[in-house]
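These are my notebook entries on one structure. I record what I looked up, in the order in which I looked.

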Amino acid sequence: MKRIFKIFSLAAVTLTMTACSSTNGPMIYKDFQTNKHDSFAKTTMRLAGSNKFVDSESGDDVTRNVTGSTAMKVGQLLMLDFVGAAQSAISQNMIEDEPLSKDTHFIVKVNNVDTSQVQTPELVISKAVSKLKNLAASAGFTVLEQKKISKWTTIYLDDISNCNNLKQVRDKCGITYTKEHIASYNSAEREAYVVFQTSSRILGAHLLSTYFKEDIMMFHPQHMQAGTSARAWGANIGQAAVFANGKVNGFIKGATVNSALPISDLKYYYMRTKDGEKKIYQVNISDMSFTQTR
């Protein structure tokens with residue numbers, strides 16, 4: 001059933017911030033330690049370069065609210081009005097200015113990294129890219145060429161069945177990323193964590209659904225959207241989460257990777273508007289097939 005929400009007022013709580021932003025360069029840890037009762041998701045985002053993510057009993061909060069954040073326009077909210085996304089978009093958009101929370105990111109751990117390599121990160125990033133290629137190959141994809149256009153790089157993949165499913169809504173089958181950088185470094189373990197902003201959200205979830213390790217992860221916001229009333233797209237997964245070890249790890253107090261929902265069971269909704277006509281699909285992560293629900 002279609003729902004239209006009337007927005008009367010928005011409010012947020014001002015907090016005094018002491019954490020470092022993820023945009024200030026790599027966080028250097030002498031010996032990284034997890035915080036007691038932190039969820040796996042929150043710990044992962046610390047390694048991804050941010051201390052601004054928070055846990056809650058329900059997993060809905062994700063980051064701390066502050067006044068002064070830009071509220072979504074009513075038209076944007078209505079465009080996202082599917083599976084309840086518009087209602088929560090009011091508060092979800094009024095979050096602390098944390099770039100990591102706004103988009104999907106791969107988070108890749110690279111071992112055996114010397115401190116000097118953090119200052120000249122090209123080799124470390126190259127190793128992280130190789131791990132993404134190996135991830136795709138381990139899932140049965142053929143890794144083709146790698147090409148950079150403007151600020152975005154795509155690792156093109158081929159897999160006749162699954163790629164054809166994905167191409168129902170995407171013009172290519174591949175891992176597309178930008179803004180690759182070392183986000184943190186743990187000198188005690190000689191581990192660097194490389195972060196990639198990615199537009200390959202559905203493909204990333206598919207690849208990680210059968211990857212049962214914690215060295216390649218992906219953060220996905222609760223919802224995303226872009227475009228106009230005539231041409232747009234949107235995605236909704238219910239709650240922001242970190243995909244790792246084949247699981248959907250929420251920002252829930254005390255949650256461990258072993259207590260999370262399998263990625264293959266995730267309810268992933270994708271919205272596409274073309275020439276003013278909006279269609280909503282539920283995505284089967286196992287094979288990246290799309291079933292229209294509205």
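Entry 1, terms for the pocket. I worked on a 1 Å grid over the protein atoms alone, where a pocket is an open set of points with protein on both sides within 12 Å along at least five of seven lines. A volume is the space filled by probe spheres set on the points, which are joined across faces, edges and corners. Lining residues have an atom within 4 Å of a point. I note that this is a predicted model, in which local features need pLDDT of at least 70 and side-chain atom pairs count only at pLDDT 80 or more, while totals for chains, interfaces and linings use all residues. Residues are numbered from 1 along each chain as its sequence is written, and side-chain values use heavy atoms, with hydrogens and water left out.

I found about 510 Å³ of space in the largest pocket. Its lining has 24 residues, and V169, R170, R201, W233 and Y270 lie nearest the centre. Two or more lining residues come from each of strand 7 (174-186), helix 7 (201-208), strand 10 (223-227), strand 11 (232-236) and strand 15 (268-274); helices (H or I, at least four residues) and strands (E, at least two) are DSSP runs numbered from the N terminus. Strand 15 gives the most, with five residues. I sorted the lining into 11 nonpolar, six polar and seven charged residues. Here Ala, Val, Leu, Ile, Met, Phe, Trp, Tyr, Cys and Pro are nonpolar, Asp, Glu, Lys and Arg are charged, and the others, Gly among them, are polar.

I traced an open sheet of five strands in the order 10-11-15-16-17, with antiparallel pairing; two strands pair if DSSP finds at least two bridges between them. Strand 10 and strand 17 (289-292) are the edge strands, each pairing on one side only. Strand 16 (residues 277-284) pairs with strand 17 over four bridges in the antiparallel sense. For Y281, I located the bridge partner Q292 in strand 17.

Because eight of the eight residues are buried, helix 7 is largely enclosed by the rest of the structure. I then turned to helix 1 (residues 40-47), which is mostly covered, with eight of its eight residues buried. Among them are F40, K42 and R46. G49 follows helix 1 and has a positive phi, near 110 degrees.

Definitions and conventions. 1 Å grid on protein atoms, 1.4 Å probe; cavity = no way out; pocket = protein on both sides within 12 Å on 5 of 7 lines; lining within 4 Å. Buried < 20%, exposed > 50% of the residue type's maximum accessible area, 1.4 Å probe, protein only.
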